[in-house]
Amino acid sequence: MKITIIGAGPGGYEAAIMAAKLGAEVTVVEKKEVGGTCLNIGCIPTKSLLASADVLTTSLEAEKFGVCNDHTTVELKQIIERKDKLVTGLVKGIEFLFESNGVNLVRGIGKLIDSKTVEVQLNDGGVEILVSDKILLATGSVPICPEMFHYDGEKVITSTEALALKTPPKSMIVVGGGVIGCELGQFFNHLGTKITIVEMADQILSFEDESVAKQLLRQFKREKIKVLTANGVTDVKVEDTGVVVTLTNGAILEAEMMLLSIGRSSYSKGLNLEASGIKVDSKGQIEVDERLETSVKGIYAVGDLINTPYLAHVASKEGIIAAENMLGKNKTAVHKAIPRCVYTDPQIAAVGLTEKEAQQKGINYKTGSFDFRALGKAQIIGKIQGQVKIIVDEQDVIIGASIIGPEATDLLAELTMAVHLGLTAEVLGDVIHPHPTLSEAIMEALHDVHGMSINKASLRF
Ligand SMILES: Cc1cc2nc3c(=O)[nH]c(=O)nc-3n(C[C@H](O)[C@H](O)[C@H](O)COP(=O)(O)OP(=O)(O)OC[C@H]3O[C@@H](n4cnc5c(N)ncnc54)[C@H](O)[C@@H]3O)c2cc1C
């Protein structure tokens, strides 16, 4: 079986390796570096920057831990160099995995000719025609940059340019208080940039639990990050000194730079979808069935290119499922328990329904919660802010969970498994959790669903 994959982001590269492991002859077409948005300009570089910010925060608090550190300075140039080195190493890692699994990498721009043929404009000149039995499209997404924002990559930037700045700007307007806006806004704030976040919705992180978003907002206020919710941008002027932005409420903001983080859109430019008869929805996302096959038999699509959450772990899971299906299995892409992570300080992580969604669905739900403040481990590491919140249905089945606090993104795995497997709060709460760890907050929140948390402060006395 011959398979051609266009795009080597998490969707494409994981599909390629899985297909090769299952015995296929695989060729991947990639126009840039392997690893896609996630590795080169997304998940990994942002988290590398945020790891540096974490070290800065810890270093500034060193004295509280009995450690003297008088000379904390921060150099964005070095932070970026560390990030670049890390990315280069991981890119090489994927190239090595391709090699060791016998995956053929063709560097160029791929285009569909028919359901079996891909034409590649090679990066170093010339054209290569690839004929295969099955094709996987995994070309990802690009930032949304409406013309009115006058994106120029210098004063008006997206996350891509933000990840390569060598000096922090004095001030920055962040348009869009979603995950990317909050993460990068807080990062530059830690470096001394005066940040104003402008968000159309009533709350930042509009898809997350209201109480969680409010806690992050309080932290932003403490850090002097200005947040203007329920506000859109009506006009943008790029001037010599920076940008001047007019908001829907009439306010005028000025800053050295503007970061545009209002979302991403599927990228299928030049793929020649029309000629191949592949159906696309109104947002430009390729339509697929539950096996991830497009309207054209034998052509599959995954990741940011289709109508599922734009997340790396979603793309890679879909890539694996598509590979399995291309090779004769009959797997269904289930999106019931998708972890959602925000790597701000404090971190936020959630899975399943929020309380508001449970209400909207008319579910007779109960919640349990536990504050990190009451936990020995949180006190030990000096990170007491935040909470675990668990939502169960009438049968005690865990249908949602939100964590705000230390290591929230790593802690979420247990609750993702619970939602995925349909576990009850009682069953998961019976599991012995190690002490002293942050995971005890989950156990206590599970017990609190039944009013039985031992360590939750009670107001009864
Ligand atoms: C700043 C930022 C931070 C993020 N942080 C996180 C995070 O913490 N966690 C998380 O889960 N997600 C995060 N994401 C989202 C995540 O990066 C994407 O969901 C993920 O990369 C999508 O994977 P993909 O394989 O669908 O596409 P992509 O990773 O976008 O890869 C697509 C690849 O296709 C190539 N390509 C496109 N067209 C062609 C063509 N015609 N021919 C050849 N090659 C082509 C591109 O060059 C690219 O390499 C972040 C995104 C951004 C921008």
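Keep in mind that the model is predicted, so local features need pLDDT of at least 70 and side-chain atom pairs count only at pLDDT 80 or more, while totals for chains, interfaces and linings use all residues. Residues are numbered from 1 along each chain as its sequence is written, and side-chain values use heavy atoms, with hydrogens and water left out.

Let's start with helix H1 (residues 10-21) and helix H4 (residues 76-100), whose axes come within 10 Å and cross at roughly 25°. Helices here are DSSP runs of H or I, at least four residues, numbered from the N terminus. The axes are lines fitted to C-alpha atoms over the stretch in contact, with angles from 0 to 180 degrees between N-to-C directions. Because angles under 35 degrees count as roughly parallel, H1 is roughly parallel to H4. On the H1 side, Tyr 13, Ala 16 and Ile 17 make the contact, and they meet Ile 94, Leu 97 and Phe 98 of H4; contact means heavy atoms within 4.5 Å. By class, that gives six nonpolar, no polar and no charged residues. Nonpolar covers Ala, Val, Leu, Ile, Met, Phe, Trp, Tyr, Cys and Pro; Asp, Glu, Lys and Arg are charged, and the others, Gly among them, are polar.

Now look at Ile 320, which sits in helix H9 (residues 312-326). Ile 320 is 309 residues from Gly 11 in sequence, yet their C-alpha atoms are 7.7 Å apart. Setting aside neighbours within four places in sequence, Ile 320 touches Glu 14, Ala 15 and Met 18.

Next come H3 and H6, which pack at about 40° with axes 10 Å apart. That angle makes H3 oblique to H6, oblique being what is left after under 35 (roughly parallel), over 145 (roughly antiparallel) and 65 to 115 degrees (roughly perpendicular). Among the contact residues are Leu 49, Leu 50 and Ala 53 of H3 and Leu 184 and Phe 187 of H6. This contact divides into six nonpolar, three polar and two charged residues.

Both helices turn up again at the second largest pocket, where H3 (43-60), H6 (179-190) and H12 (408-421) each supply at least two lining residues. H3 gives the most, with six. The lining divides into seven nonpolar, 10 polar and eight charged residues.
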